[in-house]
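Good morning, colleagues. Please bring up the model on the screen, and I shall take you through its sheets, its helix packing and one of its interfaces.

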Amino acid sequence: MRVFLQRITAGVQSAGFIHPKVVENQEEVKMKKSIILGALTIAGLSAGAAAAGTLDDVKARGTLNCGVTTGLVGFAAPDANGEWVGFDVSVCRAVAAAVLGDATAVEFVPTTGKTRFTALSSGEIDLLARNTTWTFSRDTDLKFDFVGVNYYDGQGFLVPKALGVSSAKDLDGATVCIQTGTTTELNLADFFRANNISYEPVPIETNAEGTQQYLAGACDTYTTDASGLASTRATFENPGDHVLLPEIVSKEPLGPLVRHGDNEWGDIVRWTLNALITAEELGVSSTNVAEMATSTTNPEVARLLGTEGELGGMIGLDADWAKRAIESEGNYGEIFAKNIGEETPIGLARGLNAQWTDGGLLYSPPFR
Amino acid sequence: MSDTHEHSVAFVRTTDIEQQPAPSNAAGPVKWMRDNLFATWPNALLTVASAYVIYLILTATLPWILGGLWNTSSLAECREVLQGKSAACFSVLTDRWNQLLFGFKYPSEFYWRPTLALVLMFFALAPVLFFDLPRKLLIMTLLYPFVAYWLIWGGTIWVPVFALLGFIAGYFVYARFVAQNFALGFFGGVAAAAVVWYVAGFVVSMLAPESPLLASVPSRDLGGFMLNMMLGLTCVSLSIPLGIALALGRQSSMPLIKWMCVVFIEFIRGVPLITLLFVASVMLAYFFPPDATVDLFLRVVIMITIFSAAYIAEVVRGGLAALPKGQYEAADSLGLDYAQAMRLIILPQALKISIPGIVNIAVGLFKDTTLVSVISMFDLVGMIRGPILASTDWNGVYWELLGFAAVLFFVVCYGISQYSQWLERRLATDHR
Amino acid sequence: MTLQVIAAILLALALAYLYSNLAANLRAAGLNISFAFLGSSAGYDINQTLIEYDSQASNFRAAIVGILNTLLVAFLACITATVLGVLAGVLRLSNNWLVRKLMAVYVEIFRNIPILIWIIIIFTIMTAVMPGARAYLGEDPERGLLGGLFAFTNRGVYTPAPIFTTGFGGAEGSGLNWLLVIAALVASFFGTRFMTARADKIQGETGVRPNTFFVNLAIWFVPLIILAFLLGLSWDMPDPLANRFNLRGGIQIGAPLIALWLALSVYTGAFIAENVRAGIQAVSKGQTEAAAALGIRPRRVMSLVVLPQALRVIIPPLISQYLNITKNSSLAIAVGYADVTATLGGITLNQTGRAIECVLLLMAFYLIISLSISAVMNVYNNSMKLKER
């Protein structure tokens with residue numbers, strides 16, 4: 001019966017509705033089958049399954065399944081041609097370039113605040129790069145591993161200039177539109193309680209509706225991550241009429257995350273991100289990476305780009321992994337400038353997201 | 001009735017009605033207006049009030065619609081052209097037309113495929129909807145799901161071919177044995193189909209060419225109004241047989257089966273569709289085998305199908321209950337067994353009574369497919385609330401987009417309900 | 001019998017299969033099923049609450065707030081949808097051509113466009129067309145309060161709130177005062193029922209119906225006036241000066257609530273109109289003609305002959321429309337109204353990540369509501385069954 005079902009499932013699989021997590025590893029499949037059979041007889045008493053190797057799955061599948069937002073301009077949004085572009089998207093593409101050698105071999109899975117964690121823990125996606133705040137309970141209780149921080153954010157407030165508010169502490173009694181998603185509602189409640197002032201929350205599911213409410217004056221202020229506010233303000237008719245208040249009421253380290261327990265895969269994503277950061281620190285960019293790889297005299301650059309040492313092999317990839325990631329998407333600074341930097345409509349300054357050498361927080365461990 | 005006589009006394013006139021003027025027998029528009037619009041004073045007031053309401057609505061919307069712009073490239077440009085005048089900016093529809101219909105991910109060079117599938121759909125539905133057409137055309141209907149699947153998803157043609165072969169094998173086995181025993185025929189058919197699909201599981205992966213004739217499109221890339229249509233059509237057609245089975249189960253004399261069906265139906269009907277969609281998006285993944293993940297599209301289809309099956313089951317149950325008891329007894333007295341009686345006597349009549357109800361469920365279900373926008377699928381409403389309104393170009397064009405979605409749904413749903421009314425008149429064979 | 005055994009085995013197998021998958025998946029992800037999160041602090045605020053709530057309250061309390069909000073909007077929408085539906089249904093049979101057509105257009109437009117689109121459209125109308133709250137604020141506002149009492153803004157409607165200054169709980173007021181008011185209303189209800197029954201009896205005996213209108217009026221209002229006097233009723237007015245962002249004081253009915261309420265009412269109203277029309281048309285013409293032949297006045301024909309018979313046809317689908325309203329109110333998340341889907345199934349789910357638990361609780365709540373409404377409906381159906389001789 002079980003085998004029979006498996007065959008039929010295989011038929012449906014080839015129709016494209018069911019995506020096997022493990023294709024290559026027949027041993028594992030067999031083991032799991034027996035586990036399920038055991039579970040059928042003594043339901044719930046079987047031993048735990050060994051964690052499948054995400055790296056093997058991704059390689060076997062040939063694409064990386066990457067969870068992103070349903071649309072936040074600058075971070076992850078489909079452009080007019082339907083191609084996903086943005087800051088988080090670039091992380092996905094860099095990982096795909098490092099692992100598969102092809103930055104376009106990414107399936108982007110749009111997730112909402114509600115569906116993202118299930119999508120990751122159920123294995124629908126291999127990697128979640130969806131401006132998700134690194135918090136204690138998500139890291140521990142929900143069994144995820146945050147592999148690093150790709151954007152240091154904080155929750156801010158957007159107000160119309162005409163309102164004449166200069167500090168978030170002046171917002172006593174204001175109606176606040178909240179874009180739900182990260183930890184926004186909780187920070188907001190904490191901030192107003194700490195300052196002993198009152199407010200009327202209006203939680204809004206999508207950014208478009210939040211903007212509509214805010215612009216119509218149905219709320220006095222709009223709050224979400226400061227980067228998101230900047231990206232939203234960029235789409236306004238008159239961006240100059242609105243200001244971001246100086247208070248940043250929370251720490252929002254946003255970073256990609258993977259399932260807990262698959263440390264090999266976690267290492268790959270972590271060090272791909274670190275490679276992008278290190279590349280900027282060392283002056284390696286998408287334009288000069290090929291040249292640097294052959295001519296560099298800096299030993300760390302050589303190790304990063306795989307001309308020296310065996311770093312790629314240590315994480316189960318080839319020597320050129322970091323080179324490909326940098327080549328396809330550019331270093332951290334390029335990705336930032338291209339998607340959300342000051343030249344773009346979103347116009348974010350580097351701020352906390354500058355290299356540590358420039359007074360920011362980006363500090364990649366050394367490649368050696 | 002004698003005691004009610006005193007009751008009614010106070011309501012009965014005690015005086016004669018005054019003599020009325022002779023009815024005017026004039027004809028023409030004046031007469032018509034006097035009869036239909038200004039029959040009495042309150043009636044005339046009502047007419048004037050209604051006319052005023054219509055006037056208000058038209059003056060508010062007509063100039064806005066008629067002055068609409070159709071070919072600018074962004075809202076900012078619209079505002080520039082209009083210079084403060086109030087008019088629609090329909091350019092968003094022309095600019096994002098394909099995205100509204102097909103979603104933002106469906107490869108643009110393949111737009112002809114879903115379009116062709118849509119055209120074929122009319123041919124496939126025609127023999128079902130209009131009974132006067134030759135019955136042989138039903139072949140088209142039966143082939144349609146496989147053709148449409150292949151057109152929309154692409155990939156190797158062997159998948160739909162083997163799926164079809166499975167059904168054909170099942171049918172032949174069924175036709176061979178049904179004369180002896182329905183259960184034998186039915187389960188034999190199922191087994192035969194399963195065997196074919198079992199074999200296909202091996203064969204397809206061997207036969208599949210490297211680059212199939214139609215490039216395959218993952219179902220995550222489906223979107224726009226196409227997604228609404230697909231979900232609506234698939235789920236309705238899948239849920240009708242399931243609903244009939246549930247209805248029969250609920251009427252069954254076997255307590256266990258009856259109990260199972262009742263629990264299932266009442267559970268599904270008791271919760272809103274959106275919670276079932278939450279199940280599909282955040283829970284169902286945990287209930288599938290750990291070594292595979294199932295497409296969100298398929299999960300949603302499963303949940304919507306069981307949702308509508310429960311409602312259809314209730315409609316069919318109503319049809320079964322409405323049949324005179326004599327029909328059941330007549331079938332029994334002819335010596336038909338349960339399966340024969342149902343297949344030949346009961347269901348044909350019960351389903352005929354249920355058709356209007358089923359069409360109503362179908363319309364409701366089609367409208368409910370918009371709810372998938374809540375779980376990060378980009379159907380028509382999802383496209384509007386998500387990528388289009390979030391884009392820098394079109395941030396702020398609500399009315400045009402929402403109006404477009406409303407009109408599109410109205411046309412389809414109104415069309416179906418008009419058909420249903422026509423059908424109801426067509427099928428009215430009761431004794432008058 | 002064999003079929004039943006097979007079915008039972010299949011069912012058990014299917015359930016065991018699903019359960020084993022669930023167990024294996026959860027174990028692989030290192031998760032567990034636990035409802036402990038319900039007791040921990042929710043951490044978020046809710047703008048429209050019927051009971052005391054702040055961000056320190058538990059997730060369970062947040063869920064209760066959501067449940068009450070669901071019931072509130074469903075209750076309000078049931079009333080308005082019924083009024084609207086009956087009106088439109090009767091007017092669809094009007095002999096005025098224009099009114100008839102207008103109502104047909106209303107019914108068709110609202111029935112054939114998804115409720116989600118209507119909710120979004122009405123919410124957008126609310127925000128875009130209504131004035132901002134700031135128009136009412138300050139020493140010299142652009143707009144004055146309507147009659148000094150009401151403000152209609154795109155954040156919601158502000159009305160004066162009754163408060164009791166000398167009742168239980170002193171100037172602070174307490175829930176006991178409201179219980180008293182409700183008790184008085186219930187007593188008045190039974191009082192009027194009694195009066196009507198008495199009038200029926202007298203009419204049955206003498207043929208002359210005593211006029212109960214003024215007595216009933218007194219039964220409704222005299223106790224309320226006495227209570228208001230005893231408890232020191234006064235009104236808390238919306239105050240444009242207390243705060244620079246919002247009106248303070250009074251009752252605020254938020255825009256999301258109004259939008260959802262309106263959308264549910266007009267949408268379901270269209271369906272109810274059809275039920276009402278079908279119900280009235282189901283009463284055969286002979287009944288009306290017979291009543292007319294008896295000399296009953298036209299208005300009485302409707303209330304004494306047609307409606308009582310039509311109600312038998314109208315009520316069952318009407319109740320299932322009420323069920324639909326309750327279920328459709330779960331679309332509140334589209335406008336940010338804090339119903340149970342938005343609190344328990346929304347922010348709580350989002351922040352705790354306890355997807356399975358939250359969705360299960362959510363379904364259990366809706367199931368209980370639906371089953372209770374169905375139970376009421378069955379009782380009604382049995383009591384209304386045609387008692388044939």
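This is a predicted model: local features need pLDDT of at least 70, side-chain atom pairs count only at pLDDT 80 or more; totals for chains, interfaces and linings use all residues.

In chain C, strand β1 is joined by 3 bridges to strand β2, residues 156–159, and the two run antiparallel. Helices (H or I, at least four residues) and strands (E, at least two) are DSSP runs, numbered from the N terminus.

Residues are numbered from 1 along each chain as its sequence is written, chains are lettered from A and ligands numbered from 1 in the order in which they are written, and side-chain values use heavy atoms, with hydrogens and water left out.

The strands β1(C) and β2(C) belong to an open sheet of 3 strands, ordered β1-β2-β5 in chain C, with antiparallel pairing; two strands pair if DSSP finds at least two bridges between them. The edges are β1 (151–153) and β5 (251–254) of chain C, each with a single partner strand, so one side of each has no neighbour in the sheet. From one strand to the next, the twist averages 15 degrees. Helix α7 of chain C, residues 255–282, lies across β2 and β5 of that chain and runs at about 55 degrees to β5(C). For these angles, axes are lines fitted to C-alpha atoms, for helices over the stretch in contact, and angles run from 0 to 180 degrees between N-to-C directions.

I turn to helix packing. In chain C, the axes of α2 (residues 59–91) and α3 (residues 97–111) come within 8 Å and cross at roughly 135 degrees. The two are therefore oblique to each other; angles under 35 degrees count as roughly parallel, over 145 as roughly antiparallel, 65 to 115 as roughly perpendicular and the rest as oblique. Residues C:L84, C:A88 and C:L91 of α2(C) make the contact (heavy atoms within 4.5 Å) with C:V99, C:R100, C:M103 and C:Y106 of α3(C).

Finally, the interface between chains C and B. Here 62 residues of chain C are in contact with 59 residues of chain B. Together the two chains bury about 5600 Å², 72% of it on carbon and sulfur atoms; buried area is the accessible area (1.4 Å probe) that two parts lose on being put together, summed over both. Of the area that chain C buries against chain B, C:Q4, C:N112 and C:M363 supply 11%, more than any other three residues.

Helix α12 (residues 255–270) of chain B and helix α11 (residues 355–384) of chain C have axes that come within 8 Å and cross at roughly 105 degrees. They are therefore roughly perpendicular to each other. The contact is made by B:E266, B:F267 and B:G270 of α12(B) and C:M363, C:Y366, C:L367, C:S370 and C:L371 of α11(C).
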